[in-house]
Amino acid sequence: MTLPRAVAALWNELESVRVEVLREVEGLSQRQADFQPGEKDWSVGEVLHHLTIAEIATGKLTTKPFKESEAAGALAPFPAALDALGRPPKGPAGPAEAPQVVWPEAGKPIDELIAVMKATRERSRQSIERLATADPRPLKFKHFRFGDMDLGQWWTLQAEHDGTHLQQIRDIKRAAGFPKS
């Protein structure tokens, strides 16, 4: 499927940051994946699990507004003139605590985390292709921190979210005490 320019740019952004995340975790041992720099800090494995849970949630929330709009006969085609998807609103300053629904589990096997993350991205491609079929702006879903966001903003946030946690993974790997293997 050929994606509209705005959706193709989003997909490229999602894929670009995901390549970097996977590059950072390539070859990590289980000991490295489970290392926590501090008592309340997440490990690399927990970050990967969190990113996957969040992406699955974004995929699921894509379905709900689509079904509701289709049932109401209110689904408009993707506008040819829409060159860019909306950016998510700016949230309050400082770190945010993830809602409990996307909290990760510790100690999951690193190879399993990577495999599930890759499989999730393949399923996300289907959501992105669906996004390309309708105007995402009226398709809204409430975010716990940012309020109502349209589906384009949700997926853009997913890319930004991956980028934030990419930096977190890099910080963990640079932390004092990070295992050499």
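Me: Why is Arg121 called buried?

Reply: Arg121 has a relative accessible area of 5%. Buried means under 20% relative accessible area, exposed means over 50%, and partly exposed lies in between (1.4 Å probe, protein chains only). The value of 5% therefore puts Arg121 among the buried residues.

Me: What kind of model is this, and which limits apply to it?

Reply: The model is predicted; local features need pLDDT of at least 70, side-chain atom pairs count only at pLDDT 80 or more, and totals for chains, interfaces and linings use all residues. Residues are numbered from 1 along each chain as its sequence is written, and side-chain values use heavy atoms, with hydrogens and water left out.

Me: What makes Glu15 and Arg121 a salt bridge?

Reply: Their side chains meet at 3.0 Å, N to O. A salt bridge is a side-chain nitrogen of Lys or Arg within 4 Å of a carboxyl oxygen of Asp or Glu, so the pair qualifies. Glu15 sits in helix H1 (residues 5-25) and Arg121 in helix H4 (residues 110-131), so the bridge ties together parts that are 106 residues apart in sequence. Helices here are DSSP runs of H or I with at least four residues, strands are runs of E with at least two, and both are numbered from the N terminus.

Me: Why is Glu15 classed as partly exposed?

Reply: Glu15 has 28% relative accessibility, and therefore counts as partly exposed.

Me: Which parts of the chain does the pair Asp162 and Arg18 tie together?

Reply: The side chains of Asp162 and Arg18 meet in a salt bridge of 2.7 Å, N to O. Asp162 lies in helix H5 (residues 151-174) and Arg18 in helix H1, so this bridge links parts 144 residues apart in sequence. Both Asp162 and Arg18 are buried. Through shared partners, salt bridges join Glu15, Arg18, Glu55, Arg121 and Asp162 into one network.

Me: How do you know that Lys108 and Glu112 form a salt bridge?

Reply: The N to O distance between their side chains is 3.8 Å, which is within the 4 Å limit. Glu112 counts as partly exposed because its relative accessibility is 38%. A search of the whole structure finds 19 salt bridges.

Me: What makes Ser69 a buried residue, and which residues does Ser69 touch?

Reply: Ser69 has 14% relative accessibility and therefore counts as buried. Ser69 is part of helix H3 (residues 44-72). Not counting residues up to four places away in sequence, Ser69 touches Ala74, Leu75 and Leu139. Contact means heavy atoms within 4.5 Å.

Me: Why is Arg170 called partly exposed, and where does Arg170 lie?

Reply: Arg170 is in helix H5. Its relative accessibility is 22%, so Arg170 counts as partly exposed. Leaving aside neighbours within four places in sequence, Arg170 is in contact with Glu20 and Glu24.

Me: How do you know that the size of the chain agrees with a compact globule?

Reply: The rule is 2.2 Å times the number of residues to the power 0.38, and the radius of gyration is taken over C-alpha atoms. For 181 residues a compact globule would have a radius near 16 Å; the chain has 17 Å, which agrees. Of the 181 residues, 44% count as buried.

Me: How many helices and strands does the chain have, and in what order do they run?

Reply: The chain has five helices and two strands. From the N terminus on, the order is α-α-α-α-β-β-α.
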